Amino acid sequence: MSVEEVTQKTQDLKVEDSKPATVLSDSKDFELKHPLNSKWTLWYTKPAVDKSESWSDLLRPVTSLETVEEFWAIQNGIPKPYDLPIKSDYHLFRNDIRPEWEDEANAEGGKWSYQFKNKRHNIDELWLRTLLAVIGETIDEEDSEINGCVLNVRKAVFKIAIWTRTTNMKSLTNIGTKFKQVLQLGEDEKLEFYNHRTSNSGHAPPTAVL
């Protein structure tokens, strides 16, 4: 599935072309839209068709959202994780942060990550639970540590990760604990944290495990 195909599925889902009315902007008609705390952008990485394609060729923004209504319109209109082709990814990131570890907002951070090796898991539901926890700010008490979340579709596994702004484990341990609950992981299923700087320099082990 190409970036264009995923994007096409969102083009007719816009709640409004103009800036949406919200509780904050229209107190008399507050039921129209319910604003999120941040603007979020959905990105899609398509599978490569030849070796000449760079990462920037494969990664494209699909659409942005600022309200609960926009989120559900997009979520209900795009392909679900289980329907995506192998080697494709979804990324949902805050504001204008690019889903790349080189981005200034990500450079000093890392990610909590889990691989679902058994594809009988309901990955559609688990990804939705992750999205709701992230945009609803229920997993990040300070509303400042989480930059975004990523879904990787691979031949043998699905991977879900939450990307963070820092590697301060005092703050991130609480996020990781809540993330395990969101993913419905058992005590014997280990969530791993990777520092972007070390994990991208080779096959470095996780810096923390929950």
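1. Arginine 197 is partly exposed, at 45% relative accessibility (buried means under 20% relative accessible area, exposed over 50%, partly exposed in between, with a 1.4 Å probe and protein chains only). The model is a predicted one, in which local features need pLDDT of at least 70 and side-chain atom pairs count only at pLDDT 80 or more, while totals for chains, interfaces and linings use all residues. Residues are numbered from 1 along each chain as its sequence is written, and side-chain values use heavy atoms, with hydrogens and water left out.

2. Arginine 197 forms a salt bridge with glutamate 108, with 2.7 Å between the closest N and O atoms. A salt bridge here is a side-chain nitrogen of Lys or Arg within 4 Å of a carboxyl oxygen of Asp or Glu. Arginine 197 belongs to helix α6 (residues 196–199) and glutamate 108 to the loop between β3 and β4, so the pair ties together parts 89 residues apart in sequence. Helices (H or I, at least four residues) and strands (E, at least two) are DSSP runs, numbered from the N terminus.

3. The structure holds 6 salt bridges. One of them joins the side chains of glutamate 137 and arginine 94, at 3.0 Å from N to O. Glutamate 137 sits in the loop between α4 (123–135) and β5 (146–153), and arginine 94 in strand β3, so this pair ties together parts that are 43 residues apart in sequence. Glutamate 137 is buried, at 8% relative accessibility. Arginine 94 is also buried, at 8%.

4. Aspartate 96 and lysine 39 meet through their side chains in a salt bridge of 3.4 Å, N to O. The pair links distant parts of the chain, 57 residues apart: aspartate 96 is in the loop between β3 (88–94) and β4 (110–116), and lysine 39 is in strand β1 (residues 35–45). Aspartate 96 is exposed at 63% relative accessibility, whereas lysine 39 is partly exposed at 28%.

5. In helix α3 (residues 68–77), the buried residues are Glu70, Phe71, Ile74 and Gln75. Viewed down the helix axis they fall within an arc of 125 degrees, so they line one face of α3. The arc is that of the directions from the helix axis to the C-beta atoms.

6. Valine 68 also lies in helix α3 and is partly exposed, with a relative accessible area of 31%. Together with Trp72 and Leu132, Val68 forms a nonpolar surface patch with about 220 Å² of accessible area (Shrake-Rupley method, 1.4 Å probe; for residues, only the protein chains shown count as cover). Patches are made of residues with over 30% relative accessible area and no salt bridge, like charges being joined within 9 Å and nonpolar side chains (Val, Leu, Ile, Met, Phe, Trp, Tyr) within 5 Å.
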